[in-house]
Amino acid sequence: GKPLSSDANDGENVDLDAPAEKVVSGAVLKDVYTGEETKVDVGAVFVAIGHTPTTSFLEGVVEFNPEHAGYVLTQGTSTKTSMPGIFACGDVADSIYRQAITSAGSGAAAALDAERWLSEEGLGNEESDFEAELLADIMANDGRRSAEEYNVYEEAGGRVSGMKESTGAEL
């Protein structure tokens, strides 16, 4: 920033571009029932939003934590719920920390639990299933070609070989 000498000519410079110093010194708390306000001296403030998890759509589907209303009950340290295939993480299952960073971590855990569940149920592995079907189809033909098969290398007159061989031929 640009320094500016003070009028008092005491040798102090003032930085016009310096950000204003903002310091928390207190908070005013309002009782929602009585309307009474109380000032509390504090040196810092942590703002949190969304104290109540939005889980009402799961009522009758999964069990809820009996000690913390609205929070989905998970099994042990996993993200499994009482309903197979439904996993809970983040703010709907964590009544203690309720932080974005812990929610992100438990979201990753829920993804892994869900992936494991899908695998155990024989679901979610389409690529592997496709490869197995393709291999079975090839093996069923005993190496014979069907009329629909097409080989691009034969179309090129058999002159095309693998990358390693074609690179060596050019040298």
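Before the first view, one term: a residue is buried when its relative accessible area is under 20%, exposed when over 50%, and partly exposed in between (1.4 Å probe, protein chains only). This is a predicted model, in which local features need pLDDT of at least 70, side-chain atom pairs count only at pLDDT 80 or more, and totals for chains, interfaces and linings use all residues. Residues are numbered from 1 along each chain as its sequence is written, and side-chain values use heavy atoms, with hydrogens and water left out.

View 1. Asparagine 65 belongs to the loop that links strand S4 (37-41) to helix H1 (100-120); helices (H or I, at least four residues) and strands (E, at least two) are DSSP runs, numbered from the N terminus. Look beyond the neighbours within four places in sequence, and asparagine 65 is in contact (heavy atoms within 4.5 Å) with Tyr71, Val72 and Leu73. A polar atom of the asparagine 65 side chain also sits 2.9 Å from the backbone nitrogen of glutamate 67.

**View 2. Threonine 81 and its contacts.** Here we stay in the loop between S4 and H1, where threonine 81 has its place. Threonine 81 comes out as buried because its relative accessibility is 3%. Who's around? Setting aside neighbours within four places in sequence, threonine 81 is in contact with Val62, Val72, Leu73, Gln75, Ile86, Phe87 and Ala88. Its side chain has a polar atom 3.2 Å from the backbone oxygen of methionine 83.

**View 3. Aspartate 113 and arginine 116 in helix H1.** These two residues are three apart in H1, about one turn of the helix. Is aspartate 113 buried or exposed? Buried, because its relative accessible area is 12%. Not counting residues up to four places away in sequence, aspartate 113 touches Ser78, Thr79, Lys80 and Phe87.

**View 4. The S3–S4 hairpin.** Strand S3 (residues 26-30) and S4 run antiparallel and are joined by five bridges; two strands count as paired if DSSP finds at least two bridges between them. Six residues separate S3 from S4 in this hairpin, and glycine 35 in the turn has a positive phi of about 80 degrees. Glycine 26 stands opposite aspartate 41 in S4. Aspartate 41 also meets lysine 39, side chain to side chain, in a salt bridge (3.2 Å, N to O). Both aspartate 41 and lysine 39 are exposed. In a regular strand the side chains alternate between the two faces of the sheet.

**View 5. Arginine 98, with a positive phi.** Arginine 98 is not a glycine, yet its phi is positive, at about 50 degrees. You'll find arginine 98 in the loop between S4 and H1. Arginine 98 counts as partly exposed because its relative accessible area is 34%.

**View 6. A nonpolar patch on the surface.** Phe130, Leu134 and Ile138 make up this patch, with about 310 Å² of accessible area together. Patches are made of residues with over 30% relative accessible area and no salt bridge: like charges are joined within 9 Å, nonpolar side chains (Val, Leu, Ile, Met, Phe, Trp, Tyr) within 5 Å. The areas come from the Shrake-Rupley method with a 1.4 Å probe, and for residues only the protein chains shown count as cover. Phenylalanine 130 is part of helix H2 (residues 126-140) and is classed as exposed because its relative accessibility is 56%.

How values were computed. A polar contact is a pair of N or O atoms within 3.5 Å; within protein, one must be able to donate a hydrogen and the other to accept it, and residues adjacent in sequence count only if both atoms are side-chain atoms. A salt bridge is a side-chain nitrogen of Lys or Arg within 4 Å of a carboxyl oxygen of Asp or Glu.
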